[in-house]
Amino acid sequence: MRSASAEPAGFRPAPRARVRRDLRERYLFGGLFFVVLILAWEWYGRTHGGLLFTSFTRTVGELVVLIRSGEMGRAFAVSNQAMLLGFTTGAAAGVLTGLVIGRYRRLERILDPYLNMMIVAPMAALIPVIISAAGIGLGARVLVIFTFVFPIVVVNTRAGLRSVDPDWIEMAGSFGATELELWRRVLLPAAGPAILSGLRLGTGRALSGMIVVELLLVAVGLGKLILAGIGLFRPEISYAVILVVVFEAILLMGLVRRIEGGVLARMGIGE
Amino acid sequence: MNAAPPRLISIRGVSMVYGDAADGSVVRALDDFNLEIRSKEFIAFLGPSGCGKTTLLKIIGGLIAPTDGHVEIDGRPVTGPGDGRAIVFQNFALLPWATVLANITFGLELRGVGKEEREAEAHRLIRTFGLEGFAHSYPRQLSGGMQQRVGLARALAVNPEILLMDEPFSALDAQTRRMLQEELLALLDREPKTVVFVTHSMDEAVRLADRIVLMNPRPGSVKEIIEVPFGHPRPGQFEKDPRYIELIDDLWEALKEMVWDR
């Protein structure tokens with residue numbers, strides 16, 4: 001480097017001591033908070049539990065029973081089949097729609113009200129429509145999960161494209177980039193992080209959609225188990241299912257976040 | 001009669017109107033702009049903001065089409081961006097997710113130059129601009145001056161005959177700007193090119209250009225074309241030459257008038 005000394009001397013990673021302190025904070029305080037939460041649940045369950053609520057230990061006990069009998073596994077498989085289909089279709093359609101309306105503003109002005117409607121419309125009120133359109137089988141459940149996932153993926157993808165600096169588009173144009181090359185070299189890399197965070201949020205939405213549809217529309221799988229717990233006044237069944245779903249959500253979203261982190265790091269955009 | 005030097009860029013009656021005549025939101029950015037730019041000449045467009053100098057640069061670059069008139073390069077009308085021209089942008093326009101190396105090779109990659117060849121060219125430019133050791137850094141890890149060196153290297157990588165520079169140093173601090181001006185001049189000394197340089201700095205125009213095109217604002221048109229009385233490379237301490245001081249004075253008087261006129 002031959003010019004001014006004011007220029008930074010390369011990139012310095014975070015000092016190791018700080019990384020260690022961050023990790024300690026995360027696990028120590030995070031773990032402590034978790035323990036407090038579980039203790040509070042246990043205490044409230046024991047003092048106020050009954051037909052509608054129960055303690056942590058009874059819930060875990062029931063969870064073990066349900067897993068051993070295979071009932072949890074079967075319910076889990078049934079529910080997640082719809083979740084997987086609904087998520088993949090919703091995410092794919094959402095990314096495509098977001099990319100198109102993010103790039104072609106005229107189309108966006110036409111479609112925006114419908115997108116907003118999809119975001120705010122109460123699903124419960126729309127269930128009759130879905131039943132009449134898709135029956136009460138797998139298709140209906142997939143459709144509901146689709147409508148849970150789709151809007152949030154669209155909104156994030158579109159936001160990603162909006163973050164594209166017009167200078168980059170102009171720059172690519174000045175080197176003669178075609179529309180296809182522009183997408184490949186500028187638009188998609190620029191929107192990538194936002195698309196990934198849309199997919200992460202979409203994962204969470206897919207899981208809640210999965211349970212909502214089974215509670216309100218088609219009583220199968222995990223939703224049916226929750227309903228059974230309520231109907232039989234055995235709250236430990238319901239809470240065992242909720243534990244499983246929450247655990248699944250943490251795992252899946254953590255997985256997507258890891259992929260996200262890997263992609264961002266490869267693109268040189270640290271968190 | 002001596003043969004005139006080849007006229008490389010001809011700007012013929014270029015007008016640019018933005019907006020919609022229907023709702024009256026019309027902005028006349030350029031009005032019947034005419035100019036001949038010679039090969040290997042350094043032309044500076046100087047004018048107050050809003051005089052359409054950037055618009056004109058983009059028209060020459062083929063990024064936008066004029067409402068009227070046209071630009072010819074070696075007798076062929078410009079219909080779009082293409083080989084032979086490269087733009088250096090005011091805000092660098094570097095891709096933040098790409099390394100210095102990948103940013104520099106951006107244009108070469110689009111032209112289908114093989115990996116080995118384009119990286120060799122990039123490394124040559126990295127050495128030219130003193131960016132050694134930063135090939136795998138990201139733009140955000142560099143200072144503004146180094147970022148614009150990358151922007152320059154990216155433009156030069158495609159070996160353009162015409163370099164179009166849109167206020168390339170205006171986002172930099174004074175010292176860094178001087179440094180880059182010197183580097184640019186040294187570079188043009190080794191590899192002469194036609195340069196069209198947009199600036200609002202009188203000093204920069206005088207320091208760099210062979211001819212300064214002073215532009216009227218709204219709509220932009222040629223007010224005056226001024227020959228800079230210093231050759232390239234500039235004589236040492238030419239800023240102390242009375243002609244330099246006089247030139248800056250004249251430019252200031254002309255610019256002041258325009259700014260007050262608005």
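Reader: Leaving aside its neighbours within four places in sequence, which residues is B:Ala209 in contact with?

Author: In this predicted model, B:Ala209 is in contact with B:Phe42, B:Ile43, B:Ala44, B:Phe197 and B:Val228, once neighbours within four places in sequence are left aside. The residue itself lies in the loop of chain B between helix 7 (202-208) and strand 9 (211-216).

Reader: Is B:Ala209 buried or exposed?

Author: Burial is judged by counting, and 20 or more other C-beta atoms within 10 Å make a residue buried. B:Ala209 has 24 other C-beta atoms within 10 Å and is therefore buried. A further separation may be noted: B:Val195 is 14 residues away along the chain, and the two C-alpha atoms are separated by 8.7 Å.

Reader: Which strands does strand 7 of chain B join?

Author: Strand 7 of chain B runs parallel to strand 6 of chain B, and four bridges join the two. Opposite B:Ala86 stands B:Leu163 in strand 7 of chain B. Strand 7 of chain B is also joined by five bridges to strand 8 (residues 194-199) of chain B, again in the parallel sense. There, B:Asp166 has B:Val198 in strand 8 of chain B as its bridge partner. Elsewhere in chain B, strand 3 (residues 42-46) and strand 9 pair in the parallel sense over four bridges, and B:Phe45 has B:Val213 in strand 9 as its bridge partner.

Reader: What covers the picture for the two faces of strand 7 of chain B: are they buried or exposed?

Author: In a regular strand the side chains alternate between the two faces of the sheet. For strand 7 (residues 162-166) of chain B, five of its five residues are buried. B:Ile162, B:Leu164 and B:Asp166 lie on one side, B:Leu163 and B:Met165 on the other, and both faces are covered.

Reader: How many of the nine residues of helix 1 of chain B are buried?

Author: An α-helix has 3.6 residues a turn, so residues three or four places apart point the same way. In helix 1 (residues 53-61) of chain B, eight of the nine residues are buried, so this helix is largely enclosed by the rest of the structure. The buried residues are B:Lys53, B:Thr55, B:Leu56, B:Leu57, B:Lys58, B:Ile59, B:Ile60 and B:Gly61. After the helix comes B:Gly62, whose phi is positive, near 80°.

Reader: At what angle do the axes of helix 2 and helix 3 of chain A cross?

Author: A pair of helices is described by how close the axes come and by the angle between them. The axes of helix 2 (residues 56-69) and helix 3 (residues 71-103) of chain A come within 4 Å and cross at roughly 80°. Angles of 65 to 115 degrees count as roughly perpendicular, and these two helices of chain A are therefore roughly perpendicular to each other. A:Leu66, A:Ile67 and A:Ser69 in helix 2 of chain A meet A:Glu71, A:Met72 and A:Gly73 in helix 3 of chain A. By class, this contact has three nonpolar, two polar and one charged residues.

Reader: Which residues make the contact of helix 3 with helix 9 of chain A?

Author: The axes of helix 3 and helix 9 (residues 221-231) of chain A come within 6 Å and cross at roughly 130°, which makes the two helices oblique. Helix 3 of chain A contributes A:Ala75, A:Phe76, A:Val78 and A:Ser79, and helix 9 of chain A contributes A:Gly221, A:Leu222, A:Gly223, A:Lys224 and A:Leu225. The classes are five nonpolar, three polar and one charged residues.

Reader: Into which domains is chain B divided?

Author: Chain B is divided into domain 1 (1-84 + 169-262) and domain 2 (95-159). Their centres, taken over C-alpha atoms, are separated by 26 Å. Eight residues from domain 1 of chain B and five residues from domain 2 of chain B take part in the contact. For chain A, the domain assignment gives domain 1 (16-48) and domain 2 (59-266), with 29 Å between the centres over C-alpha atoms.

Conventions: Residues numbered from 1 in each chain as written. Chains lettered and ligands numbered in written order. Predicted model: local features only at pLDDT ≥ 70, side-chain atom pairs only at ≥ 80, totals over all residues. Buried ≥ 20, exposed ≤ 12 C-beta atoms within 10 Å, placed from the backbone. Domains from an automatic or database assignment. Contact = placed C-beta atoms within 7 Å. Axes fitted to C-alpha atoms, helices over the stretch in contact; angles between N-to-C directions. Parallel < 35°, antiparallel > 145°, perpendicular 65-115°, else oblique. Nonpolar A, V, L, I, M, F, W, Y, C, P; charged D, E, K, R; others polar. Pairing = 2+ DSSP bridges.
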